[in-house]
Amino acid sequence: MELLKSLKTHKATGPDDIPSHLLKITAEKSAGALQLIFQASIGQGVVPDDWKKAHIVPVFKKGDEANPANYRPISLTFVYSKIMEHVVHSSIMKHLEHHNIPSDQEHGFRKTRSCKTQLLVTVNDLAKSIDESSQIDAILLDFSKAFDKVSHSHLLLKLQHHGIRNSTLGWITDFLSGRTQHVLLDGQFSATSPVTSGVPQGTVLCPLLFLVYINDLPSRVCSTVWMFADDCLLYRTIRTLHDTNTL
């Protein structure tokens, strides 16, 4: 009921065309029914097929309007699904934080972390280097289509490794499988396409699943690394040729 009452009414509707405002004002009546549906879904490890559909709305960025590459795809999904995802998200995050699993180098999509906190630690390191008259070389990584290229099988293995198992893992497995999407433009729909990889964008679980997927990156890097979701900054104090090669 709290999640329903906190819905933002200005957000676009999902494929079911049910406005958030309606869900918000009927929260007290529908919360009990939704609770039964959610409990059945998590208990059976099955996500309703309708909740796996997404409308992709292209939003123009800049440049030539006739070039599809100049549009940002916005994924619209079911609000009911997002409500349940909030519940699952909260449970998984509590588990991860209780066991200190999230990498300390990750500043994206986390409480008390932001691009500002990442900037502060980076500037502090650079300032120390200047004070010591040292050289720091840096590499900025931009992962191409990072969220879309996540391997489902690898992601599920990592979730299991971190203790996300049994009914929750079964539910996430079904949540990732059998998803479809189509483009909605000027009231017209494209043909439906299957989604065979990636974390489902436009969903509440998308950022969390991506963080789990990329969480072990710092442990495989010898230089200093800071991450903000799919943005990655590497740097290292350079004193010898070995430092350069290591970076």
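Because tryptophan 171 and phenylalanine 175 stand four residues apart in helix 7 (residues 166-176), about one helical turn separates them; helices here are DSSP runs of H or I with at least four residues, strands are runs of E with at least two, and both are numbered from the N terminus. This is a predicted model, in which local features need pLDDT of at least 70 and side-chain atom pairs count only at pLDDT 80 or more, while totals for chains, interfaces and linings use all residues. Residues are numbered from 1 along each chain as its sequence is written, and side-chain values use heavy atoms, with hydrogens and water left out.

Both tryptophan 171 and phenylalanine 175 are buried, where buried means under 20% relative accessible area, exposed over 50% and partly exposed in between (1.4 Å probe, protein chains only).

## Aromatic pair between distant parts of the chain

The structure holds four aromatic pairs, a pair being two rings of Phe, Tyr or Trp (its six-membered ring) with centres within 6.5 Å, counted as stacked if the planes are under 30 degrees apart, edge-to-face if over 60 and tilted otherwise. One of them is the stacked pair of phenylalanine 147 and phenylalanine 210, with 4.3 Å centre to centre and 20 degrees between the planes. This pair links distant parts of the chain, since phenylalanine 147 lies in the loop between strand 3 (135-142) and helix 6 (152-161), and phenylalanine 210 lies in helix 8 (residues 205-214), 63 residues apart. Both phenylalanine 147 and phenylalanine 210 are buried.

## An exposed loop lysine

Lysine 62 belongs to the loop between strand 1 (53-60) and strand 2 (71-76), and counts as exposed because its relative accessibility is 66%.
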